[in-house]
Each structure stands twice: as C-alpha cells, then as structure tokens.
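Dear colleague,

I am passing on the structure below for your files. My notes on what was found in it follow.

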Amino acid sequence: MATQKITFSLSNSLSELERLSELLSLIGEKWSLPGKIILQLNLALDELFTNVVSYGIEREPDQEVHFTIAQREDEIEIVVSDGGQSFDPTQAPDPDLNLSLDDQPVGGLGIFLMRQYTDNIEYRRENGKNIVTLTKKI
Amino acid sequence: MDIRKTEEQGVIILAPDGRLDSNSAPILEQEIGSIGSDDEGHHLLLDFSKVEYISSAGLRVVLKTVKERQAASKSFAVSNMQDHVREVFEISGFDSYVTIHPDTPQALANFK
C-alpha cells in the first residue's frame with residue numbers, strides 16, 4: 001500500500017484536545033483503521049500533547065504543536081514537533097504500579113500510557129525543536 | 001463537560017458525560033470537591049456510562065478522590081465503565097485501588 005500522509009497543527013491549549021480527537025476520527029475513517037487503533041493513538045497523542053502544553057511551551061502562547069501522521073503497510077508513524085523547552089519523553093521514568101495507594105503519586109501516568117499504546121518512541125532535539133516519533137503496528 | 005448529579009438511597013451519583021481528558025478533568029475534580037460538608041456522611045458513586053474516553057488526567061482525579069474519601073472514611077466507587085475506559089484502568093493498575101461495579105444497582109447494593 002502506498003504511503004498516505006496527513007499533517008496538521010494544534011495551538012498550545014488543552015482545549016485543542018477535542019480537535020485532536022475529531023481529526024483522528026476523520027483519519028481513521030479515511031484510512032479505514034479500526035476504532036480501537038484510533039482510540040489508542042488518541043490516548044498516546046493526548047498524553048504527549050498534554051505534557052508539551054503543560055510543561056513545555058506554556059509561557060509561549062503563539063507556539064503550535066505540529067503533527068505528521070503517515071500510514072505505510074502495517075504501521076502508523078506519527079511525528080510530533082514543538083518549539084518549546086527540551087522535553088524527552090523516552091527518559092521519563094515509569095510509575096511503580098505495585099505501590100500501595102498511600103505511596104502512589106497522583107500523576108506520572110501519562111507517558112506510561114503513551115508507551116503502552118505505541119510500539120516505539122524516539123526523541124531528538126533539532127534546531128531548537130522537540131521531535132518525537134511514535135510508531136504503532138496495525 | 002456536563003455532569004449530572006443525582007441522589008439515590010443515600011448515595012450521591014455523579015455522571016460525567018463525554019471525554020475525560022486534561023481539558024475536562026478539572027471540571028469533574030471541582031464537582032467532586034464541591035460535595036463538601038453539606039453532603040457529609042454520603043457515599044459517592046461515579047457513573048461512567050457516558051464516559052467514552054479517559055486519559056491519565058482523568059485517572060488522577062479518580063485516584064485523588066479515592067485517597068480523599070479513604071482519609072475521611074467515606075466510601076467511593078465507580079460503575080458502568082465502557083470497555084476502553086476499563087482497559088485504561090487495568091493497564092494503569094488502578095483497578096486495584098478503586099472499587100468498580102458493572103452497573104448502578106450493584107454499586108448501590110454494595111454501599112449498604
């Protein structure tokens with residue numbers, strides 16, 4: 001199957017999550033992807049976007065987060081880039097799911113969920129941008 | 001996010017409607033927080049039948065609620081989870097922290 005590719009940008013506001021979800025649903029329909037794949041990709045991208053907006057570029061209101069989504073053969077590859085401060089999600093520690101309730105910190109789960117719902121995550125810092133590449137087998 | 005609040009058999013039931021992400025989770029957190037001294041002694045049930053999606057931000061609100069309710073010796077449960085939402089709870093290990101019931105009648109029966 002030939003590579004199909006779609007790019008879009010979201011402004012750095014959490015209210016854009018609704019648009020992210022709508023865009024992914026449209027891509028899922030256009031490329032005939034299973035609903036479960038779209039839900040899982042939505043969660044992975046939601047967690048990454050939320051991290052970028054909450055910690056990376058919150059003080060720079062005009063920044064956008066760019067997404068390129070490509071389908072090739074049996075996988076989806078998504079490249080997410082932003083011009084905020086350096087943030088490498090591949091270095092974030094996983095939460096300890098065996099902790100008792102009292103010891104469980106309220107947070108730290110987002111990157112864990114992103115890892116659970118993708119097959120590979122790569123990070124590079126290039127020209128002042130964070131570039132995260134996620135791949136998911138379909 | 002709309003949240004329907006009802007009371008049944010001494011249980012306050014909050015039913016959020018929609019996606020529970022980092023944008024909407026603070027609304028639910030605030031609604032839970034507003035169940036304050038007026039409702040002292042009541043049990044709390046989150047009816048998730050209309051929650052089609054949850055992210056870690058939603059899980060955080062649930063975990064915070066579990067901790068607060070336990071600290072105050074008040075009971076709390078979640079019911080009617082859709083499959084995808086339930087899966088996120090299970091992957092995160094949250095199903096071991098929070099009481100999950102398949103439907104509202106079972107949740108109400110267990111509060112007694």
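**Strands of chain B**

Strand E1 (residues 2-8) of chain B and strand E2 (residues 11-20) of chain B run antiparallel and are joined by seven bridges. Please keep in mind throughout that this is a predicted model.

With E3(B) it runs parallel, joined by four bridges, and B:Leu14 has B:Leu46 in E3(B) as its bridge partner. With strand E4 (residues 51-54) of chain B, E2(B) pairs in the parallel sense over three bridges; here B:Gly18 stands opposite B:Val51.

E3(B) is in turn joined to E5(B) by four bridges, and these two strands run parallel. B:Asp47 has B:Ser79 in E5(B) as its bridge partner. E5(B) pairs in the parallel sense with strand E6 (residues 100-101) of chain B over two bridges, where B:Ser79 stands opposite B:His101. Together with helix H3 (residues 83-91) of chain B, the strands E5(B) and E6(B) make a right-handed β-α-β unit.

**Buried positions in chain B**

In a regular strand the side chains alternate between the two faces of the sheet. Strand E5 (residues 76-79) of chain B is covered on both faces: B:Phe76 and B:Val78 are buried on one side, B:Ala77 and B:Ser79 on the other.

Is B:Leu44 buried or exposed? B:Leu44, in strand E3 (residues 43-47) of chain B, counts as buried because it has 20 C-beta neighbours inside 10 Å. Leaving out residues up to four places away in sequence, B:Leu44 touches B:Ile12, B:Ile35, B:Arg69, B:Lys74 and B:Phe76. The C-alpha atoms of B:Leu44 and B:Ala77 are separated by 6.7 Å, although the two residues are 33 apart along the chain.

**The sheet of chain A**

Chain A has an open sheet of five strands in the order E1-E2-E3-E5-E4, with antiparallel pairing. Strand E1 (4-11) and strand E4 (120-126) of chain A are at the edges with a single partner strand each, so one side of each has no neighbour in the sheet. On average, and with direction ignored, neighbouring strands of this sheet are turned by 15 degrees against each other. E4(A) pairs with strand E5 (residues 129-137) of chain A in the antiparallel sense over seven bridges, and A:Arg124 has A:Ile131 in E5(A) as its bridge partner.

**Contact between the chains, and the core**

The two chains touch through 18 residues of chain A and 19 residues of chain B. On the chain A side, helix H1 (17-30), helix H2 (35-56) and helix H3 (110-116) each supply at least two residues. H2(A) gives the most, with five residues. By type, the chain A side divides into nine nonpolar, seven polar and two charged residues.

The largest nonpolar core has 51 residues, of which A:Ala44, A:Leu48, A:Phe49, A:Ile78, B:Ile54, B:Val62 and B:Val85 touch the most other members. H2(A) supplies the largest share of this core, nine residues. Leaving out residues up to four places away in sequence, B:Val85 touches B:Phe48, B:Val51 and B:Ile54.

Regards

Note on methods
Residues are numbered from 1 along each chain as its sequence is written. Chains are lettered from A and ligands numbered from 1 in the order in which they are written. This is a predicted model: local features need pLDDT of at least 70, side-chain atom pairs count only at pLDDT 80 or more; totals for chains, interfaces and linings use all residues. A residue is buried if 20 or more other C-beta atoms lie within 10 Å of its own, exposed if 12 or fewer, and partly exposed in between; C-beta atoms are placed from the backbone. Two residues are in contact if their C-beta atoms, placed from the backbone, lie within 7 Å. Ala, Val, Leu, Ile, Met, Phe, Trp, Tyr, Cys and Pro count as nonpolar, Asp, Glu, Lys and Arg as charged, and the others, Gly among them, as polar. Two strands pair if DSSP finds at least two bridges between them. Axes are lines fitted to C-alpha atoms, for helices over the stretch in contact, and angles run from 0 to 180 degrees between N-to-C directions. A nonpolar core is a set of buried Ala, Val, Leu, Ile, Met, Phe, Trp, Tyr and Cys residues joined through C-beta atoms within 7 Å. A crossover is right-handed if, with the strands pointing away from the viewer, the path from the first strand over the helix to the second runs clockwise.
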